[in-house]
Each structure stands twice: as structure tokens, then as C-alpha cells.
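Please look through the model below.

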Amino acid sequence: MRSVRGVLFAAGLLFAGSMAYGQAAPAAQNGAPAQTPTAAQSAPAHLTFDVATVRPSAPLDMVKLQAQMQSGKMPSFGPHVTASRAEYNYMSLKDLIAVAYKVKAYQITAPDWLNTQRFDIAATLPDGSTKDDAPKMLQALLEDRFKLAVHLDKQEHPVLAMVVGKGGPKLKESPAAPAPIDPDAPLKPGEIKMDTQDGPVRMTTHPDGSFTQNMGVKGTVTGKMDSATQSLHLDADTVTMEGFADMLTGLMQMGGGGGRQVVDMTELKGNYQVSIDISLASLIAAARAQGADIPGGPGSTGASPAEASDPGGGGATVYASVEKLGLKLEPRKAVVEQLVVDHAEKMPTEN
């Protein structure tokens, strides 16, 4: 039971991290150009970290992760940047590229192996710089240590349009709108802040192993792994449909290169309370496809979240969960600015 619970916790944390630093930007409809990643340019030579170390991430220790969460300490996955220091923990090279060039994972055209190995980066920012300079410095670091070379190109890209189903939405409106996040507010016990392309996100772990992700004006998501039903239960409170699309994109992006962006096309403008259950098999298959070193156990297939079948637990696929809400995910295409990786080394040069 402990090993299953540890796998559940790990998958949930990877989803939370994926949603935090991979939130979806607006995509084009009917072939119109999508938002252009104007930051996807080579970093000027003077914008570099003072000191930086890059190391392969250690394998996930399920027992340690579970103990940390139960004690109220959130594992430090993802990007964490201040005016003097930047840390990027347990991130794939593709995730690092997304943060450095301020694009989304679905906007990166690259070999699948960029999702397999994960890295920890610790760096010091030079005097006089700000945290807003960190992406350019990360670009320079990736170009230097991984010999990264990229270029921009416009490509037609498959997306998933979230639309209202034939029977109408089955959603409960929230009584109040969500409040924006105060970036200077002190952290609460068990809380960490992640710096995403769309602003700060705050995540809190609770003694029972559940987690809460505050996305500010896009709403709040609480997740809890249920070892009895072998599923992840997600409650979204005061969430917009754009925020819900971000949440679904996070699940899809756990599937690596096959994960599609979910685009809100419901035309629903309110804030809603949404609950879904996703099967453990779908989560583990997706996390493994992204390169997470989750050990053997339930859900060891190689299918993506959209393809994995329900193993008999209390959850379902992303598609089925959305349909229960009176919504539907439809495959469509949009012209999207792509960041094409021309070259990258699998391992960095030595520190």
C-alpha cells in the first residue's frame, strides 16, 4: 500500500508542477496566428548568471516524498527565482527551454529525448539584475552548457478545443470571484511559490498528502490521491474556463510530446466549481512518457492520458471526465509560433 500511495503522490506532484510552469497561452482559432513568443531570441552575452551549477536530478524517493508532504513540506519542483538566486528543480530540458524562452511546452518542436532526463540548476544573479532578467540568463546558460541552438517557425499545430456538449454544461457557478495573488505576501507553512509565465502560483501541501494550487484570478485547484480507488481527485474552486483549460493542459502535457494544449472555446465567462477524477493508470502512463522515473506498479502502460483506459479504479480519462461536466474536447488545428530546437546536447558540460 505504501508503494502505491507513494506513486500516487509523485504523479500528483508532477501534475501540479506541469500545470504551474506549463500553463496554456491563448491559441489561434480557424487558422489565425496565435500569440507570438517574442522572448524567443538569443540572450545577450552580458545577461549571464554569476555562478551556476547543473546536475542530473536524483531519482524520486517515494517514501521520502510522502513523508515530506505529510509533515507539511512541499517538494521544491520547478522554477524558483528571487532577485539574487534562481533554482530550477527536477525539470526536463524541454521544461527549461520553455521557461528560458517564455513559451509553452506545446510550442517547442524537439526530439522526444528532451523529456527524459531531468536536471537541477542553482544559480546566482549578478548585482544590479532583477528576477525579470533570469529567463535571458537561463537562455545563455542552456546555450553554453547544453550547446542549445533554436529558431522560430510558424507551424499548424493540433490543439484540443474545449466546447459545450449537446446537453449543455453541468457546472456549478461559484458564489465569489477569485482574488489575485500578492507576490510579496509571506509564505504560509507548507507553501511554496513558483514563478510561471503567467505570474506567481502558490502551492501548499497538507498533512493528509493533498495539495492546493492557487492560480490567482484563474482560480484554485485542490488535488488528493485516493489509494483506495487509485485515482487523483481534483476540485477547482472559483475557476474560470481558461483556468480549467490550463488545468487540463497540465494533465495533457504530462504525456510529453503527444500532449496537446486545451483551448477554452466554451464562451462561458463565469467562475465555477469543478470536480474531476483521473485514473492512476492514466497519470502514471503520462508521467512516465514525460520521463519521470516512477517505479513499477499500477499504470505501467505507455499510453498517453487521452489513450489510457480506466483500470477499474474510481477515475477515468481526461476526455471522459470532461464529458461528465457537459463539456467536450474536440481535436482542431491552429497556426502557432514554434520554437524549433536545431541542436542540444543530452548532458551539460561540467560545472
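The largest nonpolar core has 31 residues. A nonpolar core here is a set of buried Ala, Val, Leu, Ile, Met, Phe, Trp, Tyr and Cys residues joined through side-chain atoms within 4.5 Å. Phe 49, Tyr 88, Ile 97, Leu 138 and Leu 142 have the most contacts inside this core. Strand 3, helix 3, strand 5, helix 4 and strand 15 (327-343) each give two or more residues to this core. Helix 3 gives the most, with 7 residues. Helices (H or I, at least four residues) and strands (E, at least two) are DSSP runs, numbered from the N terminus. Apart from this core lies another, of 29 residues, among them Ala 245, Met 247, Leu 327 and Leu 329.

This is a predicted model: local features need pLDDT of at least 70, side-chain atom pairs count only at pLDDT 80 or more, and totals for chains, interfaces and linings use all residues. Residues are numbered from 1 along each chain as its sequence is written, and side-chain values use heavy atoms, with hydrogens and water left out.

Contact means heavy atoms within 4.5 Å. Leaving aside residues up to four places away in sequence, Ile 97 touches Val 103, Ile 108, Leu 114, Leu 142, Leu 148, Leu 339 and Val 341.

Next, helix 4. It covers residues 134-145 and spans 16 Å from first C-alpha to last, close to the expected 16 Å. The expected span is 1.5 Å times one less than the number of residues. Of its 12 residues, 9 are buried, so helix 4 is largely enclosed by the rest of the structure. Buried means under 20% relative accessible area, exposed over 50%, and partly exposed in between (1.4 Å probe, protein chains only). The buried set includes Met 137, Gln 139 and Arg 145. Their cover includes strand 1 (51-56), strand 2 (78-81), strand 3 (85-92), helix 3 (93-101) and strand 5 (118-124). Just after the helix, Lys 147 has a positive phi of about 55°.

An open sheet of 7 strands runs in the order 7-14-12-11-10-9-8, with antiparallel pairing. Its edges are strand 7 (172-173) and strand 8 (191-196), each pairing on one side only. Two strands pair if DSSP finds at least two bridges between them.

| Strand pair | Bridges |
|---|---|
| Strand 9 (199-205) and strand 10 | 4 bridges |
| Strand 10 (211-214) and strand 11 | 4 bridges |
| Strand 11 and strand 12 (231-239) | 7 bridges |

Some partners can be named. Met 203 stands opposite Gln 213 of strand 10. Gln 213 has Val 221 of strand 11 as a bridge partner. Thr 222 faces Asp 235 in strand 12.

Which side chains of strand 11 are buried? Val 221, Gly 223 and Met 225 point to one face and are buried.

Finally, the whole protein. It has 7 helices and 15 strands. Of its 351 residues, 56% count as buried. Among contacts with a separation of 6 or more, 77% come from residues 24 or more positions apart.
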